[in-house]
Amino acid sequence: MNVGGAPASAPAVGHPGPRWRRPSLPAFLVAIVALALIAHGLTSGAAVSPLSLVDGLGRTAEFVAEAFPPDLARLGPVAEAMLVTLEMALIGTLIGVVASLPLAVLAARNTTPHPIVHVATRAVIAFLRSVPDLVWGIVFVVTVGLGPEAGVLAIAADTAGFCGRFFADRIEDVEPDLIEGLTATGATRGGVLAGGVLPSVLPSFVGTSMFALESATRSSVVLGVVGAGGIGIELTTSMQLLRYDEALTIILAIFVVVLGVERLAAWIRGRVGVGGEVAF
Amino acid sequence: MDAIVHTRGLRAGFRGRPAVLDGVDLDVRPGEVVALVGANGAGKSTLLRSLIGMVPAREGDLVVDGVPVPAASRGELRALRTRVGFAFQRFCLAGRLSVLHNTMHGALGRSGMRGWWPALAPEAERGWALQCLERVGLAHLAQERLSTLSGGQQQRVALARALMQRPRLLLADEPVASLDPAASARVMGILRDIAVDERLTVVVALHQLDHAREFADRIVGLSGGRVTLDEPARQIEMPRLELLYGAPA
């Protein structure tokens with residue numbers, strides 16, 4: 001068959017190679033370990049039983065029946081707790097983002113003052129990231145006591161790890177040409193950073209910070225469960241007292257606030273992601 | 001010594017690699033326009049970068065604007081760089097930032113952190129940036145994002161940034177290598193006008209031999225990291241220049 005009018009005597013091209021390739025030993029081992037964990041989980045500790053699912057559906061129906069209509073009698077205190085939750089997320093994110101800026105500059109290969117500082121700062125960021133926000137909440141409840149302050153600090157630590165990593169990666173993506181060009185003008189290290197590198201990555205930083213805010217808003221709801229302030233403690237109390245109608249009011253309030261923050265963050269990301277230079 | 005650039009037996013190369021310059025002797029007098037020509041790897045870019053200490057000198061004398069570059073401290077090198085404009089082949093600008101912002105980067109060395117953001121910079125610096133852009137015919141695009149400009153326009157912004165430094169010496173490393181003939185002619189014309197009007201010393205690396213003969217007072221040919229030709233541009237014959245590129249005379 002002469003497809004597309006190619007001459008019948010066209011020179012033969014190289015063999016396309018086998019369709020499938022044998023996986024490398026590390027890839028094979030990773031697949032085996034993952035399959036073994038899934039098999040073990042399904043047959044023991046992490047199993048999902050169809051019977052318990054059916055049973056659970058019945059109890060879910062009971063919960064829904066008792067939760068409707070939502071009880072609006074405590075709307076005032078719920079709104080107040082929700083406001084505290086939102087403030088925890090905002091302040092915690094702000095502290096975390098500010099703390100992550102120097103961390104990122106020290107951690108990025110192209111702006112770090114020394115390779116040892118790069119490795120040490122990356123390790124600090126990895127630690128901040130690898131400890132879950134709920135664990136940070138428990139730690140700060142122990143250190144500063146029950147209440148929103150512990151929640152703010154937990155969110156700040158979590159955000160510093162998240163933003164520190166992505167900010168540093170973004171700084172490393174900055175064109176070496178830009179740094180060379182600014183260095184050639186006689187700019188100091190700080191001048192290169194403040195005048196060229198940071199303005200270039202600012203839109204990306206804003207976008208990442210918005211993702212951090214979304215995550216922090218969800219975290220701030222859960223942190224109340226461990227006593228770190230916010231709406232979480234209200235929800236836990238309502239559930240423990242079997243006041244499901246009140247719990248539904250809280251869940252709906254959480255939904256509205258989280259959705260609102262997500263929409264606002266998406267709008268801000270859209271604003272900085274397109275058009276000209278960010279005007280701040 | 002009245003030369004603004006003085007080298008004797010200069011050996012230089014990027015760290016961890018063999019020296020590219022193998023004993024360069026060169027004097028450039030104030031106000032002179034010098035074209036460096038030579039094949040790829042001859043040492044043109046290395047020589048230009050070594051003049052501001054961005055490629056370390058390993059042996060020999062190197063004095064630029066009165067500063068012995070190999071012995072200069074970090075602060076002295078920075079001070080020298082504020083007086084030497086540098087236009088790169090790949091522009092070395094920030095694509096996301098505005099034309100004005102990129103131009104104002106030329107003042108970073110002089111005004112330090114005060115000039116890090118155009119909105120916060122002294123009014124005099126903003127005014128000077130606009131004059132520099134006017135000089136290269138781009139003042140009307142000052143607020144545009146740099147990445148929306150053509151290659152020729154971006155190179156003109158790079159020249160404006162260099163002018164922003166109020167330089168005594170302007171170095172340009174193959175500034176028209178990636179431009180089409182019309183944009184090349186425009187950039188070279190602006191460079192020539194700046195050199196004449198400002199009585200600026202210019203050292204420019206070029207592959208375009210016709211540009212070199214038309215633009216420069218003097219042509220310096222490099223081959224194997226050494227100066228193998230150094231004559232007034234008007235006297236030099238094209239076949240002799242082509243020899244530097246391995247073409248038959």
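In this model, 20 residues of chain A are in contact with 25 residues of chain B, where contact means that two C-beta atoms, placed from the backbone, lie within 7 Å. The model is a predicted one: local features need pLDDT of at least 70, side-chain atom pairs count only at pLDDT 80 or more, and totals for chains, interfaces and linings use all residues. Residues are numbered from 1 along each chain as its sequence is written, with chains lettered from A and ligands numbered from 1 in the order in which they are written.

I stay with the A side of that interface. Helices α7 (176–184) and α8 (189–223) of chain A each supply at least two residues to the side that touches chain B; helices here are DSSP runs of H or I, at least four residues, numbered from the N terminus. The most comes from α8(A), with eight residues. By class, this side of chain A has seven nonpolar, 10 polar and three charged residues. Nonpolar covers Ala, Val, Leu, Ile, Met, Phe, Trp, Tyr, Cys and Pro, charged covers Asp, Glu, Lys and Arg, and the others, Gly among them, are polar.

Next, chain B by itself. Its domain assignment gives domain 1 (1–83 + 170–249) and domain 2 (95–166); such bounds come from an automatic or database assignment. The C-alpha centres of these two domains of chain B lie 25 Å apart. Their contact takes 13 residues from domain 1 of chain B and 13 residues from domain 2 of chain B. On the domain 1 side, α2 (74–82) and α7 (181–197) of chain B each supply at least two residues, and α7(B) gives the most, with six residues. That side has eight nonpolar, two polar and three charged residues.

Now the core. The largest nonpolar core has 145 residues, and those with the most contacts inside it are Ala35(B), Leu36(B) and Leu191(B). A nonpolar core is a set of buried Ala, Val, Leu, Ile, Met, Phe, Trp, Tyr and Cys residues joined through C-beta atoms within 7 Å, and buried means 20 or more other C-beta atoms within 10 Å of the residue's own. Helix α6 (residues 148–172) of chain A gives the most to this core, with 14 residues. Domain 1 and domain 2 of chain B both give residues to this core, so it lies between them. Leaving aside neighbours within four places in sequence, Ala35(B) is in contact with residues including Val204(B), Phe215(B) and Ala233(B).

Technical notes
Buried ≥ 20, exposed ≤ 12 C-beta atoms within 10 Å, placed from the backbone.
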